[in-house]
Amino acid sequence: MMGKFCPACGETKARTSFYKHPHKSDGLQGICKECHKTAMKRNRRENPDVQERDRARAKQPHRRAMAKALVARWREVNPDLYLAQNAINNAIRDGKLKRGVCACGAKENVFGIAVDPKQPLRKIKWECARCYHRSRFEREVA
């Protein structure tokens, strides 16, 4: 079978690289799965209506349980990063360290990320939640 052209990435890909769409003449969506995923991630990061809906969904009990399990698994897989995060948070709580400012200028919802987890209080990168998630998205897409 012939491939299909994706106008978003400019490549011709196998038909299996496209989601099904019953209203299209060929039965497939216009852009490939990867381009569609990228567009959905971008929409989720930039559209306030979608973000509000996601915040409401995150409060559902089964989603809270899933988030708790994900955090527990991250802590098991990354014990050094978890201890570094705790060291920074404890230093802020005890007044030994002042919360910094994000590169974007935000002063609220800013948290510290240890550049070297073995010496967490030596060099700290301060990021607000928005910049952290935006940079995480860019790393995933790249």
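**View 1. Contacts of Cys131.** Beyond its neighbours within four places in sequence, Cys131 is in contact (heavy atoms within 4.5 Å) with Cys102 and Cys104. The model is predicted, with pLDDT of at least 70 needed for local features and 80 or more for side-chain atom pairs, whereas totals for chains, interfaces and linings use all residues. Residues are numbered from 1 along each chain as its sequence is written, and side-chain values use heavy atoms, without hydrogens and water.

**View 2. The largest nonpolar core.** Ala84, Ile88, Ile92, Cys102, Val110, Ala114, Ile124, Trp126, Cys128 and Cys131 form this core of 10 residues. A nonpolar core is a set of buried Ala, Val, Leu, Ile, Met, Phe, Trp, Tyr and Cys residues joined through side-chain atoms within 4.5 Å; buried means under 20% relative accessible area (1.4 Å probe, protein chains only). At least two core residues come from each of helix 4 (79–93), strand 5 (110–114) and strand 6 (124–128). Helices (H or I, at least four residues) and strands (E, at least two) are DSSP runs numbered from the N terminus.

**View 3. Strands 5 and 6.** The two strands run antiparallel and are joined by five bridges. Phe111 has Glu127 of strand 6 as its bridge partner. Val110, Gly112 and Ala114 lie on the covered face of strand 5, Phe111 and Ile113 on the uncovered one.

**View 4. Packing of helix 1 on helix 2.** Helix 1 (residues 33–46) and helix 2 (residues 48–58) pack at about 85°, with axes 6 Å apart. The two helices are therefore roughly perpendicular (65 to 115 degrees) to each other. Helix 1 contributes Asn43, Arg44, Arg45 and Glu46 to the contact, and helix 2 contributes Pro48, Val50, Gln51, Arg53, Asp54 and Arg57.

Definitions and conventions:
Buried means under 20% relative accessible area, exposed over 50%, partly exposed in between (1.4 Å probe, protein chains only). Axes are lines fitted to C-alpha atoms, for helices over the stretch in contact, and angles run from 0 to 180 degrees between N-to-C directions. Angles under 35 degrees count as roughly parallel, over 145 as roughly antiparallel, 65 to 115 as roughly perpendicular and the rest as oblique. Two strands pair if DSSP finds at least two bridges between them.
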